[in-house]
Amino acid sequence: MPNKPSFPSAAPALPAMSLAGVRVLDLSRVLAGPWCTQTLADLGADVIKVERPGSGDDTRAWGPPYLKNAEGADTSEAAYYLGANRNKRSIAIDIATPEGQALIRQLAAGVDVLVENFKVGDLARYGLDAQSLQAANPGLVVCSITGFGQSGPYQDRAGYDYAIQGMGGLMSVTGERDDLPGGGPQKVGVAVADLFTGLYATVAILAALRHRDATGQGQTIDMALLDTQLAMLANLGSNYLCTGKAPGRMGNAHQNIVPYQVFEAADGHVIVAVGNDNQFAKFCDILEQPAWAQDPRFASNAARVRHRELLVPPIAAVIKTQPRQHWLSAMEAAKVPCGPINNLAEAFADPHVQAREMTVAMPHPLSEQLRLVASPIKLSATPVRYRHAPPLLGQHSHELLREAGLDEGQIQALLAAKVVA
């Protein structure tokens with residue numbers, strides 16, 4: 001029997017991406033909008049980032065730190081910008097010019113989603129408001145992200161994460177108790193109002209795309225940082241609405257669970273996160289204080305919350321007698337929720353974090369290897385792919401203008417007029 005012919009193996013096909021074929025025009029800058037569009041881009045959308053010629057996204061200059069080149073010198077790319085703009089293509093357009101506005105309209109006619117964070121009414125001055133763009137592209141989903149939304153007495157105010165954390169109540173519940181040293185309002189260490197708004201915007205866009213796919217009809221999405229800040233208060237917001245009593249700052253303690261806080265060990269700090277009465281009994285055994293679990297003042301979580309001031313000091317006194325690893329090992333063995341307090345170097349060095357591949361290295365035009373925090377989204381059939389490093393300002397202007405149908409002469413004329421860079 002003759003031998004079967006052999007053929008070279010085909011290259012393995014890259015896995016599909018959930019949002020392959022979806023095109024997004026990104027007119028946003030700083031964090032909330034770019035965080036949303038980076039998430040869409042990670043999932044496969046083709047995101048076109050429109051930036052101001054010359055300066056680009058504000059966060060390009062928000063350093064140091066900056067990306068280092070091969071010689072160890074600072075480049076033009078701030079780490080802040082790099083963290084929110086991968087998998088996008090950049091085009092620099094001056095939308096204050098009629099020619100730039102015409103280019104935006106031309107690009108918007110060929111995309112599925114437009115994301116913007118201009119002040120209320122600003123884009124209407126250029127004829128780039130949702131109503132005008134949807135007249136030419138009825139299936140277009142337009143997501144506007146502002147500090148206070150498209151309606152209400154504050155709609156014309158500029159919105160910044162820091163101010164929103166204060167206005168939205170987050171700083172009233174963040175920080176040490178007012179009656180303890182260091183008490184007073186404290187912001188969260190990262191811009192959570194921006195980040196949560198970006199994620200809520202992503203969810204809204206996906207819902208709107210599903211509606212568009214079913215009906216052919218686009219719609220507008222009105223996202224406000226203040227709305228999101230109130231929504232993300234979660235149980236604390238519910239506590240107030242149920243009782244009429246505004247919760248205060250609790251430092252590292254929990255409003256509704258005890259013991260659920262940081263304790264000082266002999267050589268550092270440890271987080272104890274007892275979530276139920278069974279775990280509390282195990283915790284008491286670890287502390288060699290089993291009677292506490294039988295004491296009616298502490299036997300249930302409700303009782304422990306009411307008697308917090310009686311229970312926490314003796315727990316703190318016991319934990320301070322041993323190093324933190326002693327307590328962590330004992331609690332982990334007993335399945336009592338606990339943890340260390342890591343700095344970022346320790347967090348990224350953690351073997352579990354490394355096993356979960358929570359950093360990604362990408363080639364960058366100004367550096368041989370750029371390390372970024374990876375997407376936390378783990379999809380089995382349509383995984384996240386890292387296709388483009390965060391782009392240089394205007395890196396893809398020629399490419400995108402050619403895709404939009406402009407010839408080389410038209411492109412050179414726009415460059416000469418400084419409409420495009």
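Reader: Which residues in α1 meet which residues in α6?

Author: On the α1 side they are A32, W35, C36, T39 and L40, and they meet D194, L195, T197, G198, L199, A201, T202, I205 and L206 in α6. Keep in mind that this is a predicted model.

Reader: What kinds of residues make up the contact of α1 with α6?

Author: They divide into nine nonpolar, four polar and one charged. Gly is put with the polar ones, and G198 is one of the residues in α6 that take part.

Reader: What are two packed helices described by?

Author: By the angle between their axes and the distance between the axes. Here, the axes of α1 (residues 32–42) and α6 (residues 192–215) come within 7 Å and cross at roughly 45 degrees.

Reader: Why is α1 called oblique to α6?

Author: Set the angle against the cut-offs. Under 35 degrees would count as roughly parallel, and 65 to 115 as roughly perpendicular. The crossing is at roughly 45 degrees, so α1 is oblique to α6. As for handedness, α1 passes α6 in a right-handed crossing.

Reader: Staying with α6, how do you know whether D213 is buried or exposed?

Author: D213, which has its place in helix α6, has a relative accessible area of 57%. Exposed means over 50%, so D213 counts as exposed. D213 and G139 are 74 residues apart in sequence, and their C-alpha atoms are 8.6 Å apart in space.

Reader: What makes T174 buried or exposed?

Author: T174 is at 18% relative accessibility. Buried means under 20%, so T174 counts as buried. You'll find T174 in the loop between α5 (161–167) and α6. Leaving aside neighbours within four places in sequence, T174 is in contact with G184, P185, Q186, K187, V188 and R249.

Reader: How do you know that the side chain of T174 makes a polar contact with L170?

Author: A polar atom of the T174 side chain lies 2.7 Å from the backbone oxygen of L170. The cut-off for a polar contact is within 3.5 Å, so the pair falls inside that distance.

Reader: And Q134: where is its place, and why is it called buried?

Author: Q134 sits in helix α4 (residues 130–136). Its relative accessibility is 18%, and buried means under 20%, so Q134 counts as buried. The side chain of Q134 reaches the backbone oxygen of L140 at 3.0 Å. Apart from neighbours within four places in sequence, Q134 is in contact with L140, V142, G218, Q219 and T220.

Reader: What about A78, is it buried or exposed?

Author: A78 is at 0% relative accessibility. With buried meaning under 20%, A78 therefore counts as buried. Its place is in strand β4 (residues 74–78). Setting aside neighbours within four places in sequence, A78 is in contact with T59, R60, W62, G63, P65 and Y66. From A78 to A61 there are 17 residues in sequence and 6.0 Å in space, C-alpha to C-alpha.

Reader: Zooming out, how many helices and strands are there in the protein chain?

Author: There are 17 helices and 13 strands. Buried residues make up 42% of the 421 residues in the chain. Along its principal axes, the C-alpha trace spans about 85 × 80 × 50 Å. Take the contacts between residues at least 6 apart in sequence: 67% of them join residues at least 24 apart.

Terms used: Residues are numbered from 1 along each chain as its sequence is written. This is a predicted model: local features need pLDDT of at least 70, side-chain atom pairs count only at pLDDT 80 or more; totals for chains, interfaces and linings use all residues. Side-chain values use heavy atoms; hydrogens and water are left out. Axes are lines fitted to C-alpha atoms, for helices over the stretch in contact, and angles run from 0 to 180 degrees between N-to-C directions. Helices (H or I, at least four residues) and strands (E, at least two) are DSSP runs, numbered from the N terminus. Angles under 35 degrees count as roughly parallel, over 145 as roughly antiparallel, 65 to 115 as roughly perpendicular and the rest as oblique. A crossing is left-handed if the near helix is turned anticlockwise from the far one by less than a right angle, and right-handed if clockwise. Contact means heavy atoms within 4.5 Å. Buried means under 20% relative accessible area, exposed over 50%, partly exposed in between (1.4 Å probe, protein chains only). A polar contact is a pair of N or O atoms within 3.5 Å; within protein, one must be able to donate a hydrogen and the other to accept it, and residues adjacent in sequence count only if both atoms are side-chain atoms.
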